[in-house]
Amino acid sequence: KFSYFIKLLLSARDMIRSIRACKTAAEERAVVRKECAAIRAAISENDQDYRHRNLAKLMFIHMLGYPTHFGQMECLKLIASPGFPEKRIGYLGLMLLLDERQEVLMLVTNSIKQDLNHTNQYIVGLALCALGNICSAEMARDLAPEVERLLQFRDPNIRKKAALCTIRIIKKVPDLAENFINPAAALLKEKHHGVLLTGVQLCTDMCKVSTEALEYFKKKCIDGLVKVLKDLANSPYAPEYDISGITDPFLQIRLLRLLRVLGQGDADTSDTMNDILAQVATKTESNKNAGNAILYECVATIMSIEDNSGLRVLAVNILGRFLSSRDNNIRYVALNMLMKAITLDTQAVQRQRATILECVKDPDASIRKRALELVYLLVNESNVKSLTKELVDYLEVSDQEFKGDLTAKICSIVEKFSPEKIWYIDQMLKVLSEAGNYVKDEVWHALIVVITNASNLHGYTVRSLYKAVQTAGEQETLVRVAVWCIGEYGEMLVGSAGVLDIEDPITVTEADAVDVVEAAIKRHPLDLTTRAMCLIALLKLSSRFPSCSKRINDIVLHHKGSLVLELQQRAIEFSSIIGRHEKIRSALVERMPVLDEVTYTGRRAGSVPAAVSTSQGAPPRIPNGVAKPTSAPLVDLLDLSSDETPAPSSFGGDFLQDLLGVDVSPASSKGTNQTQKSGTDVLLDLLSIGTPPAQSSSSTLDMLSPSQDNKSSVDILNTLASPSTTPSAQASSPAGISPMMDLLNGFGPSPSGPETNGPTYPSVVAFESSSLKMTFNFSKEPGNPQTTLIEAQFANKSPNIYSNFVFQAAVPKFLQLHLEPASSNTLPASGNGSITQKLRVSNSQHGKKSLVMRIRINYKVNDKDVLEEGQVNNFPRGL
Amino acid sequence: MGYDRKIHFVLLISRQGKVRLTKWYSPYTQKERTKIIRELSGTILTRAPKLCNFVEWRGFKVVYKRYASLYFCMCVDQDDNELEILEIIHHFVEILDRYFGSVCELDLIFNFHKAYFVLDEILIAGELQESSKKTVARLIAAQDSLVEVAKEQESSISNIIAQATK
């Protein structure tokens, strides 16, 4: 029987002892589990004798963070039992284990109601306390009349509890506030400090939810309140309420707070309290915390009520005194209050600027944060230079964890108030050099926008950046901006164009400039954004510095093997542009047009002088289309056209889709014949996008510029893709596409397209190089149109035997690929035999998308490893 | 300074990060409570001595004060009077001290329910209820004696029953 088991239950004290004796968390869990099992058993036995002890134990277990919901009903049972000890622990458990959101709580409403009417005042007190701490709106409605009655209970200790309970009730159900106005006002006339304290608090809270209450208290209670405060402030020593020589600071603070609520926006009421506020402000001792707490509250009241210049001077003086205190707590609250004072009396706060600036350098993080916020508010056109200098200097020595906040604020100040662009650029470079790793993206994006707009400073900026990265190459955002500028203005760096008087001349060779970018690409191996920016910069430099073209190509090619698909693809494309398309290269990599500041500047305060040209918030788009590697990377990298970059899900469709990162669904457009386009045109389209087709071949200037028209770009892509949309266009498609493939993949002769489109699929030469040819034969399993069986046949065009022959293939997500073993791994020379290998491809988008495949072939010839790669996109339609 | 304020919760955390008392005056789920305790003990226990007693946290302020091995923490609104909260904490500690007779952490562990009873006489609904330590002590003592009387009655009844059934 369970009873025996229950007798074994430990007392709460013993349980705590055994939990404390546990050496590991596992041991503790075991003890708790055992105890909980025993308590559950006792609960299901409906054991009476130990209920009270078990709940105590459950509360302790709850405090340790274990689940105790099964004990909730026990609380209700204890509350419903007649004795005080049971009720006391039951209510405690209720408040601890439940909160207002639990439905179980509704079950207790009736018990509480009975207890509120109990003859034992301590039981009434328990019920009020629980109600005040956890009552829900529904309970508040049900029990409000009981509580209202208890506000007039004979014992003051019940009245004070009822007052606080009322606060909870009117917060839950503001409509009920009006019922409580009279009883609440009556509490203000009491002598008992507890009742006064809670009554004043109640009236304050009522003013928030009821204007009727506010007006009533203003009219009827203000004189009484002033008198109570006056008596307290002038009270002789009262041991019961004394805290370091001050009589009941808690009550004084609450009175000051209620006066503030009543005096706000009401000149007459404010007048009534002027004297007492002046008295509190001047007479309260400020050598102990309690006194300072009163002064602090008093200052808040003086600053909130209607203007009285004499009082304001007193308040500002108190804050000045606080600010120069050696007590950190006092300085903290001073900074806090000065934030509010700044709107009332800017001059007075400005006078404290030096002290506040010192607080920014405090060892205490809480104080630093407050001070920095305050400094931020103190900046204006006339002091921006000196304040910024202080902050930037401090940046060098500040704690690591503070640098984030600090840089954000400095950048914001500099952006908001910079008197001229050169100063802005200088300050930003300092910040980037000092704490570039903490600077947020929108900040350096905005800097680039400003730089493009400051055409007379391009040379100066790029040279400054060059110098800065030499010493601070580990600051990522600095490196990014430097790489971007070197890519754009590299020739100004080398040619020392537009040197300002203030500059020290430097000599930079083309190789030096490339060094910087190369160092950056090597130094930040994990940062995709930086590396992507470096690749673009290199592409641009290859045209600006023809002598370095070979070296640049080598660096770019190094990334051909990058594991990041994005970089790999870009490296291959860029190296093709560098190596094979010199004629169009310079046009392709024209300098970026001036970025439109209006587009990039978000919200700007009207107070800022028009000459200031920087952005304050996050620019809506990213300059130079950098970053955002996750969404349609090509579009981003080259800043193709639109904000609405195509969803990455379109990635891995057919080849074009893959390449352009744009969803080109075969059905979307028809008819336009693209076969006339030269390779260059295709390339232009590929890279520019967004200029209408008519211009794309001529106006290369627009090539990399952002386009306003998202649609046109899609159109171009669609028309580009259109050859593959209908079977009739199929024959002509290789002509249209091959230049591009040639460009990007180094394909040899264009693959021959299928001749017919019958139910049996023609074989295709899927891949051919000077040394190897791969043919695909297709068949379908009957009744399974999605799956294609491919027989790959490899032929050796060279006079040498290939050994260790391995064929690999990869497909986009919408396809599934299964490779059978190859017939052999040796390929005889000169076509005297072949290897065959079967592939099975399932197309989940059958009928919508065509097959596409990347291939890779490894073999050994004369003991040398050879790798051939390619992409197969000439699959017959409808597979 | 605004006037919409109250104490959202009270935490007592030992220097080792053990929770000794929690009282929530605003609704938080059990999960949130655990997270809050973890976050705050991380922040507060690592602060160097002599720094100010305020920590800004999720748009609120946590006022804390260390007494021997225990940190007393109260979370209040941004606009509340931090200095007064320090006084309330001290008020609570002094009453505990008087009640237990020079209180130590062990008292609060083994008599944790009593610590809650004391707190319930000082705060309700996150508001201060009584500024007189003497009054609080008197009320707690009166209730404790009610419990004692009930216990005595119980044992005397069981004695009577025991004798009657001898």
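Hi everyone, thanks for coming. One thing to keep in mind throughout is that this is a predicted model.

Let me start with chain A as a whole. It has 41 helices and 10 strands. Of its 879 residues, 57% are buried. If you take the contacts in chain A with a separation of 6 or more, 67% of them are between residues 24 or more positions apart.

Now for some helix packing. As a reminder, two packed helices are described by the angle between their axes and the distance between the axes.

My opening pair is α6, residues 84-97, and α8, residues 121-134, both in chain A. Their axes are 10 Å apart, at an angle of about 5 degrees. Since angles under 35 degrees count as roughly parallel, α6(A) and α8(A) are roughly parallel to each other. From α6(A), the contact uses A:F84, A:K87, A:R88, A:Y91, A:L94 and A:M95. On the α8(A) side, the residues include A:Y122, A:I123, A:L126 and A:N133. Sorted by class, this contact has 11 nonpolar, one polar and two charged residues.

The next pair is α12, residues 193-209, with α15, residues 249-263, again in chain A. Here the axes come within 9 Å and cross at roughly 25 degrees. That makes this pair roughly parallel too, and α12(A) passes α15(A) in a left-handed crossing. Among the residues that meet are A:L196, A:L197 and A:V200 from α12(A), and A:F250, A:R254, A:R257 and A:L258 from α15(A). By class, we have 11 nonpolar, three polar and two charged residues in this contact.

Keep A:F250, A:R254 and A:R257 in mind, please, as chain B comes in here. Which residues does B:E84 touch? They are A:F250, A:I253, A:R254, A:R257 and A:A293, leaving aside residues up to four places away in sequence. B:E84 itself lies in helix α2 of chain B, residues 82-100. Is B:E84 buried or exposed? Its relative accessible area is 1%, so B:E84 is buried.

Back in chain A, A:R168 sits in helix α10, residues 156-172. At 7% relative accessibility, A:R168 is buried as well. Its contacts, again leaving aside residues up to four places away, include A:E100, A:N133 and A:I134, along with B:Y25 and B:A125 from the other chain. A:R168 and A:N133 are 35 residues apart in sequence, yet their C-alpha atoms are 7.6 Å apart in space.

A quick stop at A:Y376, in helix α22, residues 365-378. Beyond its sequence neighbours up to four places away, A:Y376 touches A:K409, A:S412, A:I413 and A:K416.

Last topic: backbone angles. Most residues other than glycine have a negative phi. Two residues in chain B are worth a look here. B:R58 has a positive phi, near 50 degrees, and is found in the loop between β3 (54-57) and β4 (60-67). B:A68 also has a positive phi, of about 50 degrees, and lies in the loop between β4 and β5 (70-77). How accessible are they? B:R58 is partly exposed, with a relative accessible area of 44%, whereas B:A68 counts as exposed at 68%.

That's my tour. Happy to take questions!

Methods
Residues numbered from 1 in each chain as written. Chains lettered and ligands numbered in written order. Predicted model: local features only at pLDDT ≥ 70, side-chain atom pairs only at ≥ 80, totals over all residues. Heavy atoms only, no water. Helix = DSSP H or I, 4+ residues; strand = E, 2+ residues; numbered from the N terminus. Contact = heavy atoms within 4.5 Å. Buried < 20%, exposed > 50% of the residue type's maximum accessible area, 1.4 Å probe, protein only. Axes fitted to C-alpha atoms, helices over the stretch in contact; angles between N-to-C directions. Parallel < 35°, antiparallel > 145°, perpendicular 65-115°, else oblique. Left-handed = near helix turned anticlockwise from the far one by under 90°. Nonpolar A, V, L, I, M, F, W, Y, C, P; charged D, E, K, R; others polar.
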